[in-house]
Amino acid sequence: MGLFSFLKSKFAKKKEEAPAEKAALDTYSKGMEKSRKNFASKLDELSKRYAKVNEEYFEELEQILIESDVGVELSLRLIEETLDEATKNKISEPKAINELLVDKMFVGYATSGESIQNELHFAPEGPTVLLVCGVNGVGKTTTIAKLAYRYIRQGKKVLLVAGDTFRAGAVEQLKIWADRLGCPIVTGKPESDPASVAFEGAAYANQHGVDLAIVDTAGRQQTKSNLMQELSKISRVLSKEIPGAPHETFLVLDGTTGQNGVLQASSFKEACPLTGIVVTKMDGTSKGGIILSIRDTLGIPVRFIGLGEKMEDLQEFDLDKYLYGLLLGEKSDE
């Protein structure tokens, strides 16, 4: 069974059985609409123009991947692997080639880098600390609020720590979110040392029985050296107050920035041990292939994906649902 057929069968059953599953699928479908039009629609149009595949077909297929921000290197590799298997098994029908390509995309993501995981792993004792980093403008503050909302709804006592002390308005924005969410927040003085704020936050978390402390960090475009020093200092301070902290480190990337986001991620990965990526604004881009490029280039799992502006639109990243949204979406009901 090809991946298209598998996804149709899998989610047709789940949508009937579980309303929550249907809601999640609808969110993926709506959030991936622009990317679906840029990728799945082009695959369909391409297959209709050729009776049998040839060299030109594969060249156009490669261009579709690149335009969807899958990345040049990964696109070339996927086309090469698809061509090799098609030749070996004498497959020349365009739609069969497209399904073969999608299968390669699925397997490539599933087998690249660290194991796929989504939810935070909470420390067995004491507060769990999540460090959140990312450059200005990627939606970091909103992502922190959505993560806090998610775990408050799960019954966790959440603390926000405003460590982005350099960007004008960053602390105030986080304060507003803390007030809306009804959760405590630790702030420092304007332009104070982010590490000192992190220390105050860790102390508060210990003293007040906090389950999850989410620590914001400065989002300035810095040199790798400065970035490494600052994040390392924050990590050292946190670990002195809370053993094992930070337990998780997420990088927030703007899905609309394309390959620039991959370059940002590479810099941050050199500066600190990232445990996950959160990709925001996926509903605003037609280049959904960035998810595959991130995984292939960095080997780090995408843990959450932003598919809209509502608090519930920050979803756990699910590879099947992602591919459903990218390839089928509303068409699955046809």
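Which helices and strands each supply at least two residues of the lining of the largest cavity? Select strand 5 (248–254), helix 11 (259–271) and helix 12 (290–298), since each of these is a contributor of that kind; helices (H or I, at least four residues) and strands (E, at least two) are DSSP runs, numbered from the N terminus.

Before going further, keep in mind that this is a predicted model, in which local features need pLDDT of at least 70 and side-chain atom pairs count only at pLDDT 80 or more, while totals for chains, interfaces and linings use all residues. Residues are numbered from 1 along each chain as its sequence is written, and side-chain values use heavy atoms, with hydrogens and water left out.

**The cavity**

Now show Leu253, Asp254, Gly255, Thr257, Gly258, Gly261, Val262, Val279, Ile290 and Ile294, which line the largest cavity. A cavity is a set of points, on a 1 Å grid over the protein atoms alone, where a 1.4 Å probe fits but cannot get out, and lining residues have an atom within 4 Å of a point. The search of the whole structure finds one cavity of 30 Å³ or more, and the space in the largest cavity is about 30 Å³, where a volume is the space filled by probe spheres set on the points, and grid points are joined across faces, edges and corners. Colouring the lining by residue type gives five nonpolar, four polar and one charged; here Ala, Val, Leu, Ile, Met, Phe, Trp, Tyr, Cys and Pro count as nonpolar, Asp, Glu, Lys and Arg as charged, and the others, Gly among them, as polar.

Next select Lys281, in the loop between strand 6 (276–280) and helix 12. Lys281 is partly exposed, with a relative accessible area of 33%; buried means under 20% relative accessible area, exposed over 50%, and partly exposed in between (1.4 Å probe, protein chains only). Leaving aside neighbours within four places in sequence, Lys281 is in contact (heavy atoms within 4.5 Å) with Gly137, Val138, Gly139, Asp254, Thr256 and Gly306. Lys281 also has a positive phi of about 60° although it is not a glycine. Most residues other than glycine have a negative phi, and most peptide bonds are trans. Another positive phi, of about 55°, belongs to Lys90, which lies in the loop between helix 5 (72–88) and helix 6 (94–111) and counts as exposed at 77% relative accessibility.

**A cis peptide bond**

Move to the peptide bond from Ala245 to Pro246, which is cis, with omega near -5°; Pro246 is found in the loop between helix 10 and strand 5.

Then display helix 3 (residues 33–49) beside helix 4 (residues 55–67), with which helix 3 packs at an angle of about 170°, the axes being 10 Å apart. Axes are lines fitted to C-alpha atoms, for helices over the stretch in contact, and angles run from 0 to 180 degrees between N-to-C directions. The pair is therefore roughly antiparallel, a term for angles over 145 degrees. The residues of this contact divide into seven nonpolar, two polar and four charged. Finish on Ser47 in helix 3, which is buried at a relative accessible area of 8% and, not counting residues up to four places away in sequence, touches Tyr57, Pro94, Lys95 and Asn98.

Notes:
On a 1 Å grid over the protein atoms alone, a cavity is a set of points where a 1.4 Å probe fits but cannot get out, and a pocket is an open set with protein on both sides within 12 Å along at least five of seven lines; lining residues have an atom within 4 Å of a point. Angles under 35 degrees count as roughly parallel, over 145 as roughly antiparallel, 65 to 115 as roughly perpendicular and the rest as oblique.
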